Amino acid sequence: MESGKWRTLLGLLPLLLSFLFFYFDISSKPSSQCSLISDSHFWIASKRIVTPKGVISGAVEVKGGSIVSVVDGDNWRGTVKSGRVMDYGEAVVMPGLIDVHAHLDDPGRTEWEGFPSGTKAAAAGGVTTLIDMPLNSFPSTVSEETLNLKIEAAEGRIYVDVGFWGGLVPENAFNASALQRLLNAGALGLKSFMCPSGINDFPMTNSSHIKEGLAVLAKYRRPLLVHAEMEQEPENELDVEDGGAESARSYSTYLKRRPASWEEAAIRELVSVTKDTRSGGSAEGAHLHIVHLSDARSSLELIKEAKRSGDSVTVETCPHYLAFAAEEIPDGDTRFKCAPPIRNAANREELWAAIMDGNIDMLSSDHSPSAPELKLFTEGDFLKAWGGISSLQFVLPVTWSYGQKYGVTFEQMVSWWSEKPAKLAGLNSKGAIVTGNHADIVVWEPEAEFDLDDNHPVYLKHRSISAYLGTRLSGKVLATFIRGNLAFKEGKHAQDACGVPILAK
């Protein structure tokens with residue numbers, strides 16, 4: 001009888017062991033699964049480390065996810081008493097990129113992108129933090145409840161740190177308590193459109209809505225981001241029938257349908273409101289940020305004048321406006337459709353001059369993917385295809401590659417992609433390699449060239465929709481550290497998605 005019991009127990013032993021293995025594997029994952037190295041204390045050394053004091057040769061000490069010291073000088077080895085040393089030689093070590101403008105479409109439209117693929121692509125591109133836009137996901141993030149849905153969707157599914165903008169829409173703009181609940185729930189600021197967004201539950205706002213939003217944001221000292229285009233009556237009707245010169249397959253047709261006057265009209269309206277953000281104004285403490293500026297002429301002049309007058313205003317542009325020109329876009333290639341549109345080569349030159357001079361403050365990806373069928377590749381119809389440039393993984397090499405003609409420096413890369421974005425989003429522990437900050441670091445080889453072809457690893461959900469495919473770029477990402485975790489290294493990600501949702505306090 002006893003032997004029968006023992007045989008039964010022995011027979012159950014494999015099942016018991018497999019249960020225990022499964023339990024501890026799922027419930028008690030070691031922290032090393034967040035990183036490709038097991039060390040929590042280590043040094044990152046290089047002859048080119050970009051710091052607020054300039055580019056130095058030295059080492060960065062990382063411990064417990066933070067930067068605990070920065071040693072300047074070639075004799076840094078004498079300072080190292082303990083911890084692993086990762087010597088990257090001539091590779092550039094700089095703060096991880098912070099992308100303040102990305103659409104990851106999660107929850108609700110994960111067939112377009114989703115947190116896992118989008119943040120894996122970010123890590124592979126040296127982006128250590130991104131701020132997710134409130135639309136293209138479903139439902140749009142316009143309330144405390146919908147923000148909580150987004151936070152829940154991000155938990156355990158993000159490979160980089162992710163913050164969230166809330167939406168300013170007509171239904172909440174005049175409801176201060178609703179906006180306060182959204183901001184109290186952790187939204188880093190608000191975003192609105194001055195033209196139809198294409199998303200039904202994210203309708204456009206006007207200057208009255210924006211004025212109300214700024215009044216609430218002033219108390220929180222958080223920004224309002226605005227898509228600055230206002231529809232204007234066309235000067236003449238365009239003939240898009242019968243495949244003529246003005247056919248819908250021609251990019252010039254789309255460009256004429258969305259002229260620079262749309263941006264100018266919106267920004268003229270905005271600067272009538274941003275005077276309230278001046279010292280002593282009714283919205284002092286609020287800040288207005290104009291996203292993805294495309295028009296480098298009259299629109300930019302209005303922004304410059306507002307800044308000179310003391311308005312609290314900043315502006316970004318995107319790599320695709322600096323890389324591409326309208327004249328170069330092939331007929332029917334709807335990968336290049338975005339709003340506002342990519343303008344002509346002369347405008348591109350003026351955008352480069354503006355960012356090099358500091359009149360444009362920062363860069364963002366405006367990563368805006370969709371399901372491939374929405375791009376209408378077969379028809380090539382620029383008027384009906386879904387707009388948006390898929391770019392998140394490529395913004396570092398694109399900025400560097402196209403910027404070489406203009407003499408872009410490593411310090412400027414950090415200013416545009418790390419320091420100023422961190423300030424905009426209120427990320428006080430990010431954006432610079434200084435003691436006390438999160439150890440968010442990208443290591444990359446600026447001289448290394450590569451073809452963005454079918455053989456290049458792409459982690460975005462739909463590689464075919466990116467306008468950058470087929471280009472040759474320089475600036476290869478070797479390693480990405482996020483809060484001290486080696487999240488990406490030469491084609492390999494850490495096993496676990498250990499990014500942190502960032503919520504405003």
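**View A. F324 and F336 are both buried.** This close-up comes from a predicted model. The rings of F324 and F336 make an aromatic pair of the edge-to-face kind. Their centres lie 4.9 Å apart, with 80° between the planes. F324 sits in the loop between helix 10 (319-323) and helix 11 (345-357). F336 is in the loop between helix 10 and helix 11 as well. The two residues are 12 residues apart, and the pair links distant parts of the chain.

**View B. F324 and F336 belong to one aromatic cluster with F394 and Y468.** A search of the whole structure finds 13 aromatic pairs. One of them is the pair of F324 and F336 shown in View A.

**View C. F410 and W444 form an edge-to-face pair.** A pair of aromatic rings is described by the distance of the centres and the angle of the planes. Here the ring centres of F410 and W444 are 5.9 Å apart. The planes stand at 90°, so the pair counts as edge-to-face; the cut-off for that class is over 60 degrees. F410 lies in helix 13 (residues 410-425), and W444 lies in strand 15 (residues 441-451).

**View D. The charged end of R109 sits over the ring of W112.** The distance from the charged end of R109 to the ring centre of W112 is 5.5 Å.

**View E. An open sheet is built from 4 strands in the order 6-7-8-19.** Pairing in this sheet is parallel. Strand 6 (97-102) and strand 19 (501-502) are at the edges. Each of these edge strands has a single partner strand, so one side of each is left without a neighbour in the sheet. Strand 7 (residues 127-132) pairs with strand 8 (residues 161-164) over 4 bridges, in the parallel sense. I131 stands opposite G163 of strand 8.

Terms used:
Residues are numbered from 1 along each chain as its sequence is written. This is a predicted model: local features need pLDDT of at least 70, side-chain atom pairs count only at pLDDT 80 or more; totals for chains, interfaces and linings use all residues. Side-chain values use heavy atoms; hydrogens and water are left out. Rings of Phe, Tyr and Trp (its six-membered ring) pair if their centres lie within 6.5 Å; planes under 30 degrees apart count as stacked, over 60 as edge-to-face and the rest as tilted. Buried means under 20% relative accessible area, exposed over 50%, partly exposed in between (1.4 Å probe, protein chains only). A charge sits over a ring if NZ of Lys or CZ of Arg is within 6 Å of the ring centre and within 35 degrees of the ring normal. Two strands pair if DSSP finds at least two bridges between them.
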